[in-house]
Amino acid sequence: MAPSRIMAEADSDSPALPIFPTIAISVPEAVRLGFKIGIAYHHATGMSESITDTFGRRLRDLRISVTDRCNFRCRYCMPREKFAEDFEFLRREMLLSFEEINRCVAALLPLGVEKVRITGGEPLLRRDLANLVAMLSAYGIDMALTTNGALLSKYALVLSKAGLNRVTVSLDALDDETFRGMNDMNDKKMSLQQILNGIESATDAGLEVKINCVVRAGVNEHVILQLVEYFRHTPHVLRFIEFMDVGMTNEWRWDEVVTSERILSIIGEVYPLNPIKRSYPGEVAERYLFADGGGEIGIISSVSKPFCGDCSRARISADGKIYTCLFAAEGHDLREVIRGGASDEEVREFMRNIWHHRDDRYSELRSATTTTAEKIEMSYIGG
Ligand code: SAM
Ligand code: SF4
Ligand code: SF4
């Protein structure tokens, strides 16, 4: 394999695609490339349309789940007893192929999408993921991936070469016992060190790395200061997430939420913090700088201080359903639309209709009634 090219394996879901196209490209490749440059130009020049929902919120971010499977069983997301051996995950033919995902992204970009995040389940379990990254990175948009980090050492370099810009690694502990308590993995081959190595490989590969930690009362609160001390004075932004009532299986309770206020006071007592502005509209984390110059941290207060007012995210599940809220019960079948032969304009019209009717603000309305309502699982919809 030439160093500047990644070729898809014979049984992968996508045809070979050059990461850095050479002069000797085939005609279909040239057409495809020209089309992509056209879209990137269209996008970069601001010639895209901007669609708004019933609250005037734009569509800016696409989160794409590439699998509903995972090699962890985090108790707050996929509790082992609910996602057991006999759990029926999506079958291969139900998943959007990389070509289909690429098609959806190409069609939706002109609606104002600026960022794409690849997620899951565990996205690094999807075979040849770098081929998808290479396809999407050709559009010149901000491309990120969320992962539990277990396979990151193996794939960081190839993903970076394929055009990935950023990676968010979920890390809820800094000792093996708490790590296993959070992800419920007793597999001795899966160690905390593997995740730390993955973070190092991603950094070495030139990826921007953020760290996400879900805090659950009575389980890993002690990790807050440990993580702060580990990641201060590194280029990595550490972000704490409140435990959320996503899905129907994690037995969420209010008293297990460690609020952002509490997290900030635990950190601030030892390392004083100064708030700074969000870097872009719709950013989910509130940002703080250590007063002593130790770097930046973020807090995602999805429960105690909801941020629905700015929410510009649409999610596409691994089987091609569009969800306009993390807490939605029903999706809109985009896979049927594209497999039915819709044109790009028809795909856009499908999305415009969905977005124009969007009135989601689950977290702002959170109450005893909403928390028990039917909701889709986070591992399926993509975090
Ligand atoms: N498997 C990948 C990972 O863990 O990073 C990507 C998918 S995971 C569903 C995406 C993010 O959702 C992770 O950062 C995870 O910690 C977060 N998450 C999952 N369940 C959550 C919950 N109940 N409350 C808060 N965050 C949650
Ligand atoms: Fe898997 Fe991520 Fe969910 Fe943990 S949070 S079970 S790693 S999908
Ligand atoms: Fe967006 Fe729904 Fe979360 Fe509100 S609850 S921020 S609308 S995903």
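Predicted model: local features only at pLDDT ≥ 70, side-chain atom pairs only at ≥ 80, totals over all residues.
## Basis

Local features need pLDDT of at least 70 and side-chain atom pairs count only at pLDDT 80 or more, while totals for chains, interfaces and linings use all residues. Residues are numbered from 1 along each chain as its sequence is written, and chains are lettered from A and ligands numbered from 1 in the order in which they are written.

## Ligand shells

A residue belongs to a shell if its C-beta atom, placed from the backbone, lies within 6 Å of the ligand. Ligand 1 is surrounded by 20 residues, and the closest are Tyr76, Cys77, Ser170, Met244 and Gly383. Three elements, β3 (142-147), β5 (208-215) and α13 (378-381), each supply at least two residues of this shell. Helices (H or I, at least four residues) and strands (E, at least two) are DSSP runs, numbered from the N terminus. By class, the ligand 1 shell has nine nonpolar, 10 polar and one charged. Here Ala, Val, Leu, Ile, Met, Phe, Trp, Tyr, Cys and Pro count as nonpolar; Asp, Glu, Lys and Arg count as charged; the others, Gly among them, count as polar.

Ligand 2 has 13 residues around it, the closest being Cys70, Phe72, Cys74, Cys77 and Asn148. Five are nonpolar, six polar and two charged. The shell of ligand 3 includes Cys308, Cys311 and Cys325, along with Arg313, Asp360 and Arg361. Its classes are eight nonpolar, one polar and three charged.

## The sheet

An open sheet of 12 strands runs in the order β7-β8-β9-β6-β5-β4-β3-β2-β1-β10-β11-β12, with mixed pairing. β7 (273-276) and β12 (332-333) are the edges; each has a single partner strand, so one side of each lacks a neighbour in the sheet. Two strands pair if DSSP finds at least two bridges between them. β10 (residues 313-316) and β11 (residues 321-323) pair in the antiparallel sense over two bridges. Ile316 has Ile322 in β11 as its bridge partner.

## Helix α10

Helix α10 (residues 344-356) has 13 residues. Its expected span, 1.5 Å times one less than its number of residues, is 18 Å, which agrees with the 18 Å between its end C-alpha atoms.

Phe350, Met351 and Trp355 are its buried residues; buried means 20 or more other C-beta atoms within 10 Å of the residue's own, exposed means 12 or fewer, partly exposed lies in between, and C-beta atoms are placed from the backbone. Seen down the axis, the buried residues of α10 fall within an arc of 125°, so they line one face. The arc is that of the directions from the helix axis to the C-beta atoms. Glu345, Asn353 and His356 are exposed, on the face turned away from the buried side.
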